[in-house]
Amino acid sequence: MTPIHIALAVLVTFIWGVNFTFIAWALESFPPLMLTALRFFFTAVPLVLFLKPPKFNRTLFIYAIGTFVMQYAFVFTAMHLGASAGLTALLLQVQIFITVLLAYIILGEAVSRMQIIGMLVGVLGLGVIALNLGGDMPLVGFICILIAAIGWSFGNIASKQASTQQSIGNISTTSPANSNKASNKTSALSALSLVVWGGLIACVVLTLTSLLFENEAWTLATFTQASFKSWLSLGFIVYVSTLIGFGLWAHLLSQNIASKVMPFALLVPVFGMATSVLFTGEVVTWWKMLAMMLILSGLVLANVKIGLGRKSAHV
């Protein structure tokens, strides 16, 4: 990875870490499914009017459902039920373990002995959290975050496959001398298009789901009585975390093999826990530190050889 790509990866993980605190603030005024629907409505509108849509296929649908609907509907619900911002940021990173397994099952990538050891160490960290459920991490919240991690993992693979398809299309219509230049020029725009149009799909699904389960919240009073802090937090979630964060992340995955990009996700729980302690008053206990140490250690081991995209260095 180039120095610029490294800096962008750190920036994205910082944004995503801080984002958990903004989610907690936004949930003070909006129920979880409505908040998730609003997030992707403002993500998609009005940009869908100006961005060329990616190819609508199963890959785009899986990306939208996994990365946006499953991940955030369940994360927002978990935090609404009492899961702290710091623990949510930490627990969600088990998506890396799941991504390794999905890469093995779907893409046929090998799983190394070190990755297996890393996953076992990470499971010990999950066990520490499971033994201390309640308070900052209720049981239902714990389950919701694990489901969210599964969704994000499917979204990671779909994003990589979508980027590969886009790059192949660009190369096939561009002369060899200009193929790399054309790919670099269009990758950022295609990544943003993937996020925006994926967000539109997610918005439709989430709005219908919220109307079904949170019908009583869809009143004018919900919007007029929402605090300025919650509206400001929604703005950060939409324009900084989603558009900038996921756009840059998809761009990084399109320009580098995933084994170089994914390890930076290790910084998300560090930033998430730190900002939660600073801004929401979350208490850091010995078992939280132990769980973080085990999960991060396992993630470091599991990231030694993540095979996503190993068959093509740049896609």
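Me: Which residues of α6 meet which residues of α13?
Reply: M114, Q115, I117, G118, V121, G122, L124, G125, L126, V128 and I129 in α6 meet W287, L290, A291, L294, I295, S297, G298, L301 and A302 in α13. To meet is to have heavy atoms within 4.5 Å, and helices are DSSP runs (H or I, at least four residues) numbered from the N terminus. This is a predicted model, where local features need pLDDT of at least 70 and side-chain atom pairs 80 or more, while totals for chains, interfaces and linings use all residues. Residues are numbered from 1 along each chain as its sequence is written, and side-chain values use heavy atoms, without hydrogens and water.

Me: Why is α6 called roughly antiparallel to α13?
Reply: The axes of α6 (residues 113-130) and α13 (residues 286-302) come within 7 Å and cross at roughly 165°. Axes are lines fitted to C-alpha atoms over the stretch in contact, with angles from 0 to 180 degrees between N-to-C directions. Under 35 degrees is roughly parallel, over 145 roughly antiparallel, 65 to 115 roughly perpendicular, and the rest oblique. The angle of roughly 165° therefore makes α6 roughly antiparallel to α13. Their crossing is left-handed, meaning that the near helix is turned anticlockwise from the far one by less than a right angle, whereas clockwise would be right-handed.

Me: What residue classes make up the contact of α6 with α13?
Reply: There are 14 nonpolar, six polar and no charged residues. Ala, Val, Leu, Ile, Met, Phe, Trp, Tyr, Cys and Pro count as nonpolar, Asp, Glu, Lys and Arg as charged, and the others, Gly among them, as polar.

Me: What makes α1 oblique to α12?
Reply: Helix α1 (residues 3-26) and helix α12 (residues 267-280) have axes that come within 8 Å and cross at roughly 40°. That angle makes the pair oblique, and their crossing is right-handed. In α1, the residues meeting α12 include F14, W16, F20 and W25, and their partners in α12 include F271 and F279. This contact has ten nonpolar, seven polar and no charged residues.

Me: Why is α2 oblique to α10?
Reply: The axes of α2 (residues 32-44) and α10 (residues 228-255) come within 9 Å and cross at roughly 60°, and that makes α2 oblique to α10. Here too, the crossing is right-handed. Among the residues in contact are R39 and F40 of α2, with Y239 and F246 of α10. By class, there are ten nonpolar, three polar and one charged.

Me: How do you know that V45 and P46 are joined by a cis peptide bond?
Reply: Omega is about 10° at this bond. P46 sits in the loop between α2 and α3. Most peptide bonds are trans.

Me: How many cavities does the structure hold, at 30 Å³ or more?
Reply: Two. A cavity is a set of points on a 1 Å grid over the protein atoms alone where a 1.4 Å probe fits but cannot get out, and lining residues have an atom within 4 Å of a point. The largest cavity holds about 90 Å³, a volume filled by probe spheres set on the points.

Me: Which helix gives the most to the lining of the largest cavity?
Reply: α1 does, with four residues. Lining residues include W16, N19, F20 and I23, along with Q71, Y72, W152 and F246. Both α1 and α3 (58-80) supply at least two. The lining has eight nonpolar, three polar and no charged residues.

Methods. 1 Å grid on protein atoms, 1.4 Å probe; cavity = no way out; pocket = protein on both sides within 12 Å on 5 of 7 lines; lining within 4 Å.
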